[in-house]
Amino acid sequence: MPSVVLGGLLALTLAGCGLFGSSKPKPTPLTPIVERVGVRQDWQTSIGKAGNFTFLPASGGPVVLAAALDGTVVRLDNGKEVWRTSAGQKLSAGTASDGRLVVVGTYKGEVLTFDFETGKPVWNTNVKGELVAPPAITEGLVIVRTSDNRVIALDAADGKQRWNYQRSNPPLAVRSVAPPLPFGPFVLVGMPGGKIYALSLQNGAPAWEGTVSVPRGATELDRVSDVVTVPAVQGPLMCAVAFQGRAACFDMQGGSQIWSKEVSSVAGITMDDRRVFIPDEQGVVHAFDRSTGASVWRQDKLKYRNVSAPVALPMGLVVGDGEGFLHVLDRDTGEFISRMNVGGGGVMSILPALGPNTVLLQTRGGSLMAVTLQ
């Protein structure tokens, strides 16, 4: 569940899974489905609860790195634990790795790094801002984003600051838990006001700015329209979605907007070679034509179930929900083709990993697992 930052200081809860309101609607009950795809749990381990924060594991080949609120940081190879260590303090953001360092963050602004092979501490530094989004590592830089929307690049060798990008914040903004996304010589970051920026890795200067959504409305609450999820990128095409706004796709070579569509999301966005998939703020999953933005299908049977970011696999579109279920949808029709109860207090994060039809997921209750469609 995201939160709203007032003046960068006061956090307010978004009720109803992204809706401003006084009560949270009841999750739509699940109905029986005809399973056309098998779902197999490859492995599972416990790493610790997430509390009110959102943790995203990191994966490369058979290696998985993950972290938890209590300070646990763990490395697994093919599901088997290689090392487990404690940061010695509570964590609020993680995880990133480049095969040499493992990086996590704290709500006190501490950036903590560990040796990839041994799990031993390497360096730490304080960026003087709450860290709730996972870091990114690229081209010798550790890039972090603070909750007041500063983007800071640290030298991966020693933690010294290389550059700092900051823009003014509106009176109200949704707190983003999306990591910065490396993209060639740039890093992509969504910002308040419906903007997305490509910042130069060399000095942090904005090289490109895209308008996903324009804030509108009579009140400050109405005018909240922020890009708070990771954009989807394939080749020169980049698509992003804003809360209380629109989704838009851009040609990153020319910088032009290809299409935009009215849809609001705090869950996330993904694409395959034909479709763009977005769960909206109510949990309705939408599919749009990748070239034109035309609506292809919508699946409303996950409404108010706190749907996760989607993952498009060759065998289906995978989403998790806040009740602890993993759902597989047909990418062409939106029909349910499989379902699995993974428990664990709800699916917190999900990402493609380890194989063409395998996802890695972390639950709020502290489970980390790999699941394969078959």
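In the hairpin formed by β26 and β27, five residues lie between the strands, and Gly283 adopts a positive phi near 100°. Helices (H or I, at least four residues) and strands (E, at least two) are DSSP runs numbered from the N terminus, and two strands are taken to pair if DSSP finds at least two bridges between them. The model is predicted, so that local features require pLDDT of at least 70 and side-chain atom pairs count only at pLDDT 80 or more, whereas totals for chains, interfaces and linings use all residues. Residues are numbered from 1 along each chain as its sequence is written, and side-chain values use heavy atoms, with hydrogens and water left out.

Strand β27 (residues 285–289) runs antiparallel to β26, to which five bridges join it. Within this pairing, Ala287 of β27 is the bridge partner of Phe277.

Strand β26 (residues 275–279) is mostly covered, with five of its five residues buried; buried denotes under 20% relative accessible area, exposed over 50%, and partly exposed the range in between (1.4 Å probe, protein chains only). In a regular strand, side chains alternate between the two faces of the sheet. In β26, Arg275, Phe277 and Pro279 point one way, while Val276 and Ile278 point the other way, and all are buried.

A further hairpin is formed by β6 and β7, with two residues between them, and Asn78 in its turn has a positive phi of about 55°. Six bridges join β6 (residues 72–77) to β7 (residues 80–86) in an antiparallel arrangement, and Val74 has Arg84 of β7 as its bridge partner.

The C-alpha atoms fill a box of roughly 50 × 50 × 40 Å along the principal axes. Of the 374 residues, 56% count as buried. With contact defined as heavy atoms within 4.5 Å, residues 24 or more positions apart account for 46% of the contacts with a separation of 6 or more.
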